[in-house]
Amino acid sequence: MAGFDLKEALVKAFKETALMSGVSLLAAVIIGGAIGLLLYATSSRLFVRNRIVNQTAGVIINIVRSIPFLILLVLLIPLSKAIVHTTIGPTAVVIPLSIASIAFFARLADVSFSDVNQGVIEAAISTGASKWSVIFQILLPEALPSLVKNITVTAVSLIGFSAMAGTVGGGGIGDLAIRYGYQRYQTDVMLICVVLLILLVQGVQLIGDIAAKLLDKKQ
Amino acid sequence: MIEFQNISVDFKQKKGTLAAVHDVSFRIEAGEIFGIAGSSGAGKSTLLRTINLLQGVTSGQVLVDGKNVTKVRGKQLREHRRNIGMIFQHFNLADNLTVYQNIAFVLRAAGKSRQETDEMVRKYLGLVGISEKADVYPSKLSGGQKQRVAIARALIGGAKILLCDEATSALDAETTVSILNLIQTLSKKLGITVVIITHELEVIKGICNRCAVMDGGKLVEIGGVYDLFTKPKNSYTKQLIGYTLGHDLPPEVLKNAEGLLVKLTFRGSKANTPVISDATVRFGVQFNILVGRIEYIEEKPLGVLYVNPVGETDAVRRALDYLKEVVKEVEVIEHGRI
């Protein structure tokens with residue numbers, strides 16, 4: 001097996017997975033979080049209740065979320081080409097990954113915001129603070145432990161999605177598992193890849209749980 | 001100071017509308033501690049929220065310092081709200097912010113400097129008596145301490161009005177008294193008008209000067225607290241007060257009473273005169289005391305006494321005439337055998 005250094009390939013695949021998931025997670029948290037805030041704010045009497053905006057945003061998110069990720073990968077090839085000028089490799093896969101996870105996290109963030117005690121928000125508004133002050137200084141800190149839990153959930157499903165992206169030449173651990181483990185019958189490579197993914201997911205979940213617990217001052 | 005003019009608030013429901021508040025008009029004067037009583041669903045909370053526009057009105061006007069506030073929006077609305085502090089039944093403190101941060105939020109959001117905020121927060125923590133709890137999270141505080149933090153948060157922006165939405169309903173009796181005392185002290189010290197809504201008449205009796213009673217979204221009675229408790233006019237008010245004061249005669253007493261049963265109500269200084277022993281000495285009539293109670297409302301006594309006079313018919317009649325003359329409020333409840 002000339003030219004194949006397993007260790008080197010694993011390191012490369014790990015880096016690619018980390019890059020794909022990391023960039024997409026960042027996009028999900030920032031853009032998805034903002035959309036989640038929009039969903040919450042347009043549904044709350046205390047902010048800017050607006051059924052039209054709320055339902056339009058909701059429908060768009062549902063559409064994205066109802067498309068199976070594999071189809072989304074193919075569907076967004078033209079968009080990837082237009083934005084990152086390539087249709088293969090981890091860079092190209094970042095686009096569909098981000099879009100899927102933005103829609104995913106937007107819903108979860110909406111739930112996190114909605115779970116904040118309305119009385120606390122009402123009390124903050126009654127002090128005469130602006131809505132932005134209430135959002136940044138009260139709503140966000142109050143929702144933070146729950147947001148962190150939901151970021152963890154998003155990160156874990158992103159790792160799963162990014163492995164799937166391997167099937168369209170996206171690179172990463174999933175790609176390595178399919179090309180060597182499945183297509184070349186190297187079960188050991190497949191097993192190592194699976195173990196690596198398990199460890200990665202466990203690690204992310206553990207860090208997320210600890211962070212959420214540290215941030216929650218309720219108990 | 002605060003004037004409600006024909007306030008109505010309707011809530012749209014699946015079937016038709018619910019009139020939460022219906023055509024309510026009255027006035028709250030500056031510096032007063034004003035109570036709004038009524039059972040849950042009476043519309044008190046909705047009415048209270050029209051003052052700081054947490055609730056919009058369907059019709060009518062709310063005047064604060066003579067200015068109609070029902071239409072203010074944006075920056076003016078925020079300025080209006082800064083003049084009005086509010087505290088709640090469940091305190092509504094942000095759990096993930098410390099006591100200090102919860103209070104400082106108000107000033108930071110109003111654009112005050114870090115230094116000015118710090119000085120003010122320390123001052124108000126001292127005013128409500130929880131200076132040592134500055135860096136603690138609310139989950140580590142007792143209910144009374146949480147409400148103290150909420151009071152500091154409500155007043156630190158320089159509010160001239162304090163709205164209390166069932167602020168003591170989640171507290172035990174002892175803590176309720178200490179919170180009411182604090183509100184009373186701060187009201188005097190800072191010249192704050194206080195509006196209290198509660199279903200606990202003990203609260204109204206404890207610190208209010210005047211009180212409105214609401215039932216089914218309507219104002220049914222309004223007046224000085226002492227008058228309201230001693231001479232309620234409306235049947236709903238009577239029911240509410242009778243229940244709280246326990247002035248009704250236990251049914252067993254009524255059943256077993258023989259002869260005349262007389263209810264004497266003493267108001268003000270009369271509550272301290274020994275009329276019963278006077279009547280005994282003058283007319284030779286014995287009085288069997290069945291139930292007796294003295295309450296202090298606004299530091300004025302209100303006494304209720306149920307007696308059963310025993311003696312010759314003629315003497316009893318003259319004794320009752322004497323009591324009617326001195327006490328004024330004498331009610332003969334039951335004629336039995338004499």
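Two residues are in contact if their C-beta atoms, placed from the backbone, lie within 7 Å. Keep that in mind for the whole tour. What you have open is a predicted model, where local features need pLDDT of at least 70, side-chain atom pairs count only at pLDDT 80 or more, and totals for chains, interfaces and linings use all residues. Residues are numbered from 1 along each chain as its sequence is written, while chains are lettered from A and ligands numbered from 1 in the order in which they are written.

**Stop 1: chain A.** Select chain A and colour by secondary structure. You'll find nine helices and zero strands; helices (H or I, at least four residues) and strands (E, at least two) are DSSP runs, numbered from the N terminus. The C-alpha atoms of chain A fill a box of roughly 70 × 40 × 25 Å along the principal axes. Take the contacts in chain A with a separation of 6 or more: 68% of them are between residues 24 or more positions apart.

**Stop 2: a helix pair.** Now pick α1 (residues 6-43) and α7 (residues 131-165) of chain A. How do their axes cross? They come within 9 Å and cross at roughly 135 degrees. Axes here are lines fitted to C-alpha atoms, for helices over the stretch in contact, and angles run from 0 to 180 degrees between N-to-C directions. α1(A) and α7(A) are therefore oblique to each other: angles under 35 degrees count as roughly parallel, over 145 as roughly antiparallel, 65 to 115 as roughly perpendicular and the rest as oblique.

**Stop 3: helix α8.** Jump to residues 173-182 of chain A. Which residues of this helix are buried? A:I173, A:G174, A:D175, A:L176, A:A177 and A:Y180 are. A residue is buried if 20 or more other C-beta atoms lie within 10 Å of its own, exposed if 12 or fewer, and partly exposed in between, with C-beta atoms placed from the backbone. The buried residues of α8(A) pack against α1, α7 and α9 (187-215) of chain A.

**Stop 4: across to chain B.** Show both chains: 22 residues of chain B are in contact with 20 residues of chain A. On the chain B side, α2 (74-82), β6 (84-88) and α3 (99-109) each supply at least two residues.

**Last stop: B:K160.** Find B:K160 in the loop between α5 (143-155) and β7 (161-165) of chain B. B:K160 is partly exposed, with 18 other C-beta atoms within 10 Å. Leaving aside neighbours within four places in sequence, B:K160 is in contact with B:N83, B:I192 and B:T193.
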